[in-house]
Amino acid sequence: MAEQLRGKAVANAMKEDLIKRVEALKEKGITPKLGFIRVGARPDDLFYEGGAKKTADGIGLTYEVFEYPEDVSQEDFEKAVVEVGARKDIHGILMFSPLPKHLDEKKIRSLIPVEKDVDCLTVHGAGKVFADDLTGFPPCTPTACMDILKFYNVPLQGKKVVVLGRSMVVGKPVAMLLLRENATVTICHSRTENLPAVCAEADVLVAAVGRAKMVNADYVRAGQTVIDVGINPDPDRPGKFCGDVDFDAVEPIVDKITPSPGGVGSVTTMVLCKHTVMACELQNA
Ligand code: NAP
């Protein structure tokens, strides 16, 4: 039976540290604040926002929601984002995406000040992450993967790590963060040949494909650590969610595994808060 790398323990440990850091800022008269920018009210966005607010409340981080109608014009929305970005009392910004199709998302993302870009929405922010500039914030999900690996003492230096998926939100940035830890990283995608065999060679496998239960027993071997980033509707249990890993098939084989739900997703909103606290500290250094 594999050791389950649960996210809650990781988030709880981070919470203790963040409570102290928020208190220290407040003693200096600074109240760290996160700004949510949301167009419309998609259920997924509202769900994430609700979770993030609850996490923020738990550490004493304040927040403000900037909500705009679905038909907001490019001009009005650009103005609004610039205004939020200029607010001295807002230290971190999370903008929900994708934006409605009539908006030029690339241009709007670029209006978020890089020092407040706590979920790596800007090209400048991504550049910092890829250049190992520690003032840049990687997206929250890859950071959550790294925080889990660190918390559970999974060795990375010199180890073979396979990242399954190459999105800008998960695959590419997590590969960069793993490289920073001196892992030997292979990035796989939909055109990779012999995918199960490549994955089975890894010491650590990070699955971020967005395909329910795709990673089955053929992709893994004894001794591996498996990080399942996926959150998908469960085809076998209507109304429930499952990962990109077929947990029931893989768990008996590998050494360590994150459940999904209950793994990476449980750490992500705490990372968002951590990045906002860090942004506030850096802006007031
Ligand atoms: P994405 O943008 O759709 O990217 C999926 C990646 O997987 C792509 O690089 C794609 O390859 C690759 N892929 C798709 N099908 C494949 C196949 N059959 N074989 C090999 N590679 C394949 O997804 P994402 O945004 O990175 O998200 C990935 C998963 O993480 C999703 O389940 C999502 O819900 C979840 N997620 C979780 C969190 C969290 O907080 N836990 C946050 C964000 C996302 P190509 O590039 O070749 O198309």
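1. Two strands pair if DSSP finds at least two bridges between them. In this predicted model, strand S5 (residues 160-164) meets that rule with strand S7 (residues 204-207): four bridges join them, and the two run parallel.

2. S5, helix H7 (residues 171-180) and S6 make up a β-α-β unit, and the unit is right-handed.

3. How enclosed is S5 by the rest of the structure? Largely, because four of its five residues are buried.

4. On to the aromatic rings. A ring pair is described by the distance of the centres and the angle of the planes. With centres required to lie within 6.5 Å, the count comes to five aromatic pairs. Tyr68 and Phe77 form an edge-to-face pair, with 5.3 Å centre to centre and 65 degrees between the planes. Phe77 has 0% relative accessibility and so counts as buried. Tyr68, at 17%, also counts as buried.

5. Phe151 and Tyr152 are edge-to-face too, because their planes stand at 80 degrees, with the ring centres 4.9 Å apart. Buried or partly exposed: which applies to Phe151? Phe151 counts as partly exposed, at 35% relative accessibility. Tyr152 is buried, with a relative accessible area of 15%.

6. Last, a cluster. Phe36, Tyr48, Tyr63 and Phe96 together form one aromatic cluster.

Conventions
Residues numbered from 1 in each chain as written. Predicted model: local features only at pLDDT ≥ 70, side-chain atom pairs only at ≥ 80, totals over all residues. Heavy atoms only, no water. Buried < 20%, exposed > 50% of the residue type's maximum accessible area, 1.4 Å probe, protein only. Right-handed = clockwise from strand over helix to strand, strands pointing away. Phe/Tyr/Trp six-rings, centres within 6.5 Å; stacked < 30°, edge-to-face > 60°.
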